[in-house]
Amino acid sequence: CKPCKKMAPMLDAFSESRKENLSLLKIDADENKRLLEEKHIESIPVLELYKNGKLIWTHEGEIEEAALIKETKL
């Protein structure tokens with residue numbers, strides 16, 4: 001999607017600068033329709049942050065880096 005492509009460089013740099021503590025996993029919605037159904041995702045992009053296997057933050061839609069840092073405290 002257009003917002004996904006727009007955010008990709010920011011997310012890549014964000015995760016690279018925090019690579020000791022953060023792993024970025026990108027999932028292609030078109031190739032993983034079943035996962036979207038299981039998670040009840042109706043629009044993309046969706047960002048999820050997990051800590052110790054537990055979902056601690058989620059965001060639907062485009063987000064700027066400053067807001068991502070503020071909301072996730074990363």
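L35 lies in helix α2, residues 33-38 (helices are DSSP runs of H or I with at least four residues, strands are runs of E with at least two, and both are numbered from the N terminus). The model is predicted: local features need pLDDT of at least 70 and side-chain atom pairs pLDDT 80 or more, while totals for chains, interfaces and linings use all residues. Residues are numbered from 1 along each chain as its sequence is written, and side-chain values use heavy atoms, leaving out hydrogens and water.

L35 counts as partly exposed because its relative accessibility is 30% (buried is under 20% relative accessible area, exposed over 50%, partly exposed in between, with a 1.4 Å probe and protein chains only).

The largest nonpolar core consists of M7, M10, L11, F14, L22, L47, L49, W57, I63 and L68. Such a core joins buried Ala, Val, Leu, Ile, Met, Phe, Trp, Tyr and Cys residues through side-chain atoms within 4.5 Å. Two or more residues each come from α1 (2-16) and β1 (46-51), and α1 gives the most, four.

Leaving aside residues up to four places away in sequence, M7 touches P45, L47, G61, E62 and I63 (contact means heavy atoms within 4.5 Å).

From the N terminus, the elements run α-α-β-β-α. Some values for the whole protein follow.

| Property | Value |
|---|---|
| Buried share of the 74 residues | 26% |
| Share of contacts with a separation of 6 or more that join residues 24 or more positions apart | 41% |
| Span of the C-alpha trace along its principal axes | about 30 × 30 × 20 Å |
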